[in-house]
Amino acid sequence: MKTKKFLLLAGGAALLAVAAPALAQTAPKYGSFGVDLSAQKASTKPGDDFWTYANGGWADRVQIAPDRASAGFGTQLSIEAEANVRGILDDMAKNPASYGATGRQVGDYYASWMDQAGIEARGTAPLQPYLGRIAAVQDLAGLQTLFASIGYASPVEIGVMPDLADPTRYTAVAGQGGLGMPRDYYLLEGEKYDGFRAAYRAYVQKIQELAGIPDAGAKADAIVALETAMAKGQWSPEQSRDIAALNDPETVAGLEAKAPEFDWALLLKTAGIESSPTVLMTQNTAIAAMGKILVATPLATWKDYLAYRFVSDHAQYLPKAFDDARFDFYSKTLSGVQVQRERWKRGVQLVNGALGEAVGAIYVQKYYPPAAEKQMAELIENLRAAYQERITGSTWMDAATKKAALAKLAAFEPRIGHPDKYIDYASLQVDRGDLLGNAMRAGEFQHQLDLQRFPKPVDRTLWEMTPQTVNAYYNPLANQITFPAAILQPPFFDPNADPAVNYGAIGAIIGHEMGHGFDDQGAQFGPTGKLEDWWTDAAKKAFKDRTSALSAQYDTYEAVPGTHVKGGLTLGENIGDLGGIEAAYAAFQKYQAEHGKAKVIGGLTGDQRFFLAYAQAWQTKVREGALRQQLLTDPHSPAMFRVNGVVRNVDAWYKAFNIKPGDALYLAPEKRVHIW
């Protein structure tokens, strides 16, 4: 079983849309009312490019730090949270006894990462037990045992998730896996991708040479050929959003019929989930293709693949030469990041991943103001009321579908700040002198948690993000929206800010998460999280017409020369953005009806401040390599189009900024997409 959770369907705001966090070069200036007027580029007409109108001045003067893939507001907050966590970890590492048993675990884990001299002294010795296990494989049974074991790569990933038909219980799930690069990097034509493939092949060889693996060049050729064959058989990111196609529950006999080359009983037993009556076979044709590749590929090549992948996947826990090689390919070549991040920053991420809730409990005590929870709860209920009005007043939904949609809306469960209970890490063994072992044991610990939970009802109190995460998400299988503590601060949320700004920033994010309950994926789930069809045929067609039009709009946006936004891949997030801002605007109008019309501040009306706050929440600058990777793999559109692609469909924006025909973003009223 892989440590990866199969939360395939969750939608999030993804304020950090690229892998590496970003750092603005100057501290954000929110102004007296929450909008940074110095960020604007007044020479740009709002109707031609609203993102640049709101953020162009900032973009002109800010340089992306050499150790970052991007810069922006959301990621600036991530850096601040990271610094706060560092203070906690440094104290734990120096004074572990002051924090009890869990504090010692956290401190020791962080100390094992920071002990660079010890890591260098141990060299490749920590690798040998794992590489020895691979070398001992003599047949396909032994190979598949490793496929289903923690820490080893596999063409088929096995895990657990709530059952689509009954989300109160868990089920086993199998999906495609096993690639060292994003799928499309193996397949796309052109000089740029030829270069990526050549660099990857060189990386595969170098990693093996560093590990002392003989004949690394020939093995690299075979490994890359194997992964390329797997990529050709895999589903695209767009295909992997098709819930109806993903929903293929099979018995073991059914798995054996569709992919007979795999020993499914062995895989499930090794993973510890053989008791599952069915296995959700996601990406079923890809798994069938992997089965054919399994038996067509020499065992020796599979062993070489496993050895390479183990070293590569764990390179950061090894001596500097391994860590640098991985950085050079994945960060510098693919994403354009020039300099490796400071070690303590990566250590914070490492500990957050392994013992995140133990750190989060202390983070909440030190940095989370209780008042934020009350105000957020009020905002959420205002957004819920706005969605209720918009659904009720919908001109394209019939009465039966409206009734079902309102029932789902009423059942939304908001979660704010932090879990009610935190994970108990007492059984996780941490050794200050064994970084790689700590990482492997952390994976095994999560695996054991999954096994303990598996036979029980789904625990709805679990969180998929730590409190110190600057982000938010919606889980359709639980119908929950979750807002961690770290996002509840300026510029997204400020208890003292102008209400127009809060509604435009955090209000739109709340609306976005609620919108996921009614996007093209979330709309297939009912109030309890069960996969069910609550739509009439007429409403379904009307919904499809609108979402198809939105998808077509985004297909036209060229974010990198020659590479467009994929409207189908990003559709769910784009629906969330559009529904979120319209619901937030409606909630802001309700607020004004109760408290009086917003005054003009700084020469800006309340509506103008609302839309500027929304645009500045997506103040992001991204390196071309990272942006290309996002376009090919990420269901979130680039930040510029999360602004420009959204506001041009919102009638109130036209009035607020006097947008006229002839402006580049202008859409005739009949061309504007309105969903919720």
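**View 1. Helix H23 of the predicted model, its span and its burial.** At 1.5 Å a residue, the 12 residues of helix H23 (residues 606–617) should span 16 Å, and the end C-alpha atoms of H23 are 17 Å apart, which agrees. The model is a predicted one. Because 12 of the 12 residues of H23 are buried, helix H23 is largely enclosed by the rest of the structure. Those buried residues run from Gly 606, Asp 607, Gln 608 and Arg 609 through Phe 610, Phe 611, Leu 612 and Ala 613 to Tyr 614, Ala 615, Gln 616 and Ala 617. The packing partners of the buried residues of H23 are helix H1 (50–61), helix H2 (73–94), helix H20 (499–516), helix H22 (571–595), helix H25 (639–647) and helix H26 (651–657).

**View 2. Helix H25, a packing partner of the buried residues of H23.** Helix H25 is mostly covered, with 8 of its 9 residues buried. The buried residues of H25 comprise Ala 639, Phe 641, Arg 642 and Val 643, together with Asn 644, Gly 645, Val 646 and Val 647.

**View 3. The packing of helix H3 with helix H19.** Helix H3 (residues 100–114) and helix H19 (residues 435–453) pack at an angle of about 135°, and their axes are 9 Å apart; H3 and H19 are therefore oblique to each other. The crossing in which H3 passes H19 is left-handed. On the side of H3 the contact is made by Tyr 109, Ser 112 and Trp 113, while H19 contributes Leu 435, Asn 438, Ala 439 and Ala 442. By class, the residues of this contact of H3 with H19 divide into 5 nonpolar and 2 polar, with no charged residue.

**View 4. Two residues with positive phi, Asp 215 and Gln 283.** Asp 215, although not a glycine, has a positive phi of about 55°, and it lies in the loop between helix H8 (191–210) and helix H9 (216–233). With a relative accessible area of 54%, Asp 215 is exposed. Gln 283, in the loop between strand E6 (279–281) and H13, has a phi near 50°, a positive value in a residue other than glycine. Gln 283 is buried, with a relative accessible area of 10%.

**View 5. Lys 292 in helix H13.** Lys 292 is found in helix H13 (residues 284–296), and, at a relative accessible area of 51%, Lys 292 is exposed, the cut-off for that class being over 50%. Lys 292 and Met 230 are 62 residues apart in sequence, and their C-alpha atoms are 10.0 Å apart in space.

Conventions
Residues are numbered from 1 along each chain as its sequence is written. This is a predicted model: local features need pLDDT of at least 70, side-chain atom pairs count only at pLDDT 80 or more; totals for chains, interfaces and linings use all residues. Side-chain values use heavy atoms; hydrogens and water are left out. Axes are lines fitted to C-alpha atoms, for helices over the stretch in contact, and angles run from 0 to 180 degrees between N-to-C directions. Helices (H or I, at least four residues) and strands (E, at least two) are DSSP runs, numbered from the N terminus. Angles under 35 degrees count as roughly parallel, over 145 as roughly antiparallel, 65 to 115 as roughly perpendicular and the rest as oblique. A crossing is left-handed if the near helix is turned anticlockwise from the far one by less than a right angle, and right-handed if clockwise. Contact means heavy atoms within 4.5 Å. Ala, Val, Leu, Ile, Met, Phe, Trp, Tyr, Cys and Pro count as nonpolar, Asp, Glu, Lys and Arg as charged, and the others, Gly among them, as polar. The expected span of a helix is 1.5 Å times one less than its number of residues. Buried means under 20% relative accessible area, exposed over 50%, partly exposed in between (1.4 Å probe, protein chains only).
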